[in-house]
Amino acid sequence: MSKAFTKESDTDSDDDDGGAALPPLPAGGKNYMTPAGYARLRTELLDLMDNERPKVVEAVHWAAKNGDRSENGDYLYGKKRLREIDRRIRFLTKRLEVAEVTDPSVHHGRDQVFFGATVRYADESGDEREVTILGIDEANSAEAQVSWISPIARALLKAREGDVVKLATPGGVHEVEVLAVRYPAPASGADSR
């Protein structure tokens, strides 16, 4: 069989969504996102389509003119990178199409936990933690951000300052107390009805 008709690896499927590290959207759920998260993903999508993809296409086109493609590293790498870019473009396009942009600043000054809140809470041993509840595609645990479908976010949502909520974990059910809730301030010049 010709090498042209073989897959590079079993993991190089065109059906991959480019976001394998991200959890899938909940069935029937919404893809909540802050305006900043939406803008970040849209900027990435536009950069891939307008800058990176054309550069890789040009490099592949140049490499294709250099002879035998089966042993042409520039060509093979370029084609692989092009597939990765196309998968990421498809993934971002799908996620942005179903995104429901929710501005957390509309809750500024409230003490109840909704999407976009930064919540300080204490566990049963008195250890305090702070998390910001964001969308699946924008949460970053290294920055104390959790997605709204995470167990801690599910436990905290709709609670108020002073409430004690139950958090189900693999180690059992624990109680956490909501100590403080804050939201970003509305942008200046925003419509405040």
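Mentor: Begin with a pair of strands. Two strands pair if DSSP finds at least two bridges between them. Here, strand S6 (residues 164-169) and S7 run antiparallel and are joined by six bridges. Threonine 169 stands opposite glycine 172 in S7. Two residues link S6 to S7 in a hairpin.

Trainee: What kind of model is this, and how are residues numbered?

Mentor: This is a predicted model, in which local features need pLDDT of at least 70, side-chain atom pairs count only at pLDDT 80 or more, and totals for chains, interfaces and linings use all residues. Residues are numbered from 1 along each chain as its sequence is written, and side-chain values use heavy atoms, with hydrogens and water left out.

Trainee: What is the average pLDDT of the chain?

Mentor: pLDDT is the predictor's confidence in each residue, from 0 to 100. The chain averages 85, and 83% of the residues score at least 70. Over residues 1-17 the pLDDT is below 50; beyond near neighbours in sequence, that stretch has 19 contacts in the model. A contact means heavy atoms within 4.5 Å.

Trainee: How many helices and strands are in the chain?

Mentor: Both are DSSP runs, numbered from the N terminus: helices are H or I with at least four residues, strands are E with at least two. This chain has three helices and seven strands. From the N terminus on, their order is β-α-α-β-β-β-β-α-β-β.

Trainee: Which strands does S3 pair with?

Mentor: S3 (residues 118-122) pairs with S7 (residues 172-182) through five bridges, antiparallel. In that pairing, valine 119 has valine 181 as its bridge partner, and threonine 118 has arginine 182. S3 also pairs with S4, again in the antiparallel sense, over five bridges. There, tyrosine 121 stands opposite arginine 129.

Trainee: Is S3 mostly covered or mostly open?

Mentor: Check how much of each residue is accessible. Buried means under 20% relative accessible area, exposed over 50%, and partly exposed in between, using a 1.4 Å probe and protein chains only. S3 is mostly covered, with four of its five residues buried. For the chain of 193 residues, 32% count as buried.

Trainee: How do I read a helix, such as H2?

Mentor: Compare its span with the expected one, which is 1.5 Å times one less than its number of residues. H2 (residues 73-97) has 25 residues and reaches 36 Å from its first C-alpha to its last, close to the 36 Å expected. Then look at its buried residues, including Tyr75, Leu82, Phe91 and Leu96. The buried residues of H2 pack against strand S1 (31-33), helix H1 (35-64) and strand S2 (99-101). Leucine 76 also lies in H2, but it counts as partly exposed at 36% relative accessibility.

Trainee: Is glutamate 138 buried or exposed?

Mentor: Buried, with a relative accessible area of 8%. Glutamate 138 sits in the loop between strand S4 (128-134) and strand S5 (145-147). Its side chain makes a polar contact of 2.6 Å with that of threonine 34. A polar contact is a pair of N or O atoms within 3.5 Å; within protein, one must be able to donate a hydrogen and the other to accept it, and residues adjacent in sequence count only if both atoms are side-chain atoms.
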